[in-house]
Amino acid sequence: MFTESALLTLLQWVSPALPIGGFNYSEGLETLIAQGKITSAAAVQDWLTFELAFGSAHLETAVIGRVYGAIAKGDFDAVHQWNAWLSAARESAELRAQNWQMGTALINLVAALDRLPPELQTGQPYPWNVSVAFCIAAALADIPLETALLGYLHSWVTTLINAAVKLIPLGQTAGQVLLRQLQPQIQQTVQQSLNVTDNDL
């Protein structure tokens, strides 16, 4: 059962005020805007729709599903293996460093607020990726997997829309309209990620 306490915890984990440094990164959006390749709300929507369907967000949600299941079984070796796999799948050293920085900040916050099992106190042999750290936080709070995935993608999309609002710039209302328009794609990405096979990954 999804309790009020779990809901409040989820809202905390997806808050833009979460002090893990997400506002420092734009997943390449800042460069695309500077190059004049993305100049409107419609272009941002197209880019985010593509990223949700085929980009790193889709990959991360598929891994979150596997990590969540491993935690439920107490298979901490699998948690570490998927974290290492995700680190190896990063397209560049910069993206890897971004994920490790945010993941480290998030896992430290989780440790300060909740009791981390000893097996999850370090992401050996690599630091935690932020999506894996988020999954650990959600699992410890008994947030259902599908709900956690919706929250993760909502937070990811919100961060990038906020960047676009400032960089293009777009109006705040346009940003909120864009967030609402992307809800169906967020839901579709969650469902697709739950059905991705290891071979697909």
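Analyst: Helix 4 covers residues 56–73, which is 18 residues. From its first C-alpha to its last it reaches 26 Å, close to the 26 Å expected at 1.5 Å a residue. That expected span is 1.5 Å times one less than the number of residues. Helices here are DSSP runs of H or I with at least four residues, and strands are runs of E with at least two, numbered from the N terminus.

This is a predicted model, where local features need pLDDT of at least 70, side-chain atom pairs count only at pLDDT 80 or more, and totals for chains, interfaces and linings use all residues. Residues are numbered from 1 along each chain as its sequence is written, and side-chain values use heavy atoms, with hydrogens and water left out.

Helix 4 is mostly covered, with 13 of its 18 residues buried. Buried means under 20% relative accessible area, exposed over 50%, and partly exposed in between (1.4 Å probe, protein chains only). Just after helix 4 comes G74, with a positive phi of about 75°.

Now the whole chain. It holds 10 helices and 0 strands. Its radius of gyration is 16 Å, close to the 17 Å from the globule rule for 201 residues, so the chain is as compact as a globular protein of that length. The radius is taken over C-alpha atoms, and the rule is 2.2 Å times the number of residues to the power 0.38. The C-alpha atoms fill a box of roughly 45 × 40 × 30 Å along the principal axes. Of the 201 residues in the chain, 46% are buried.
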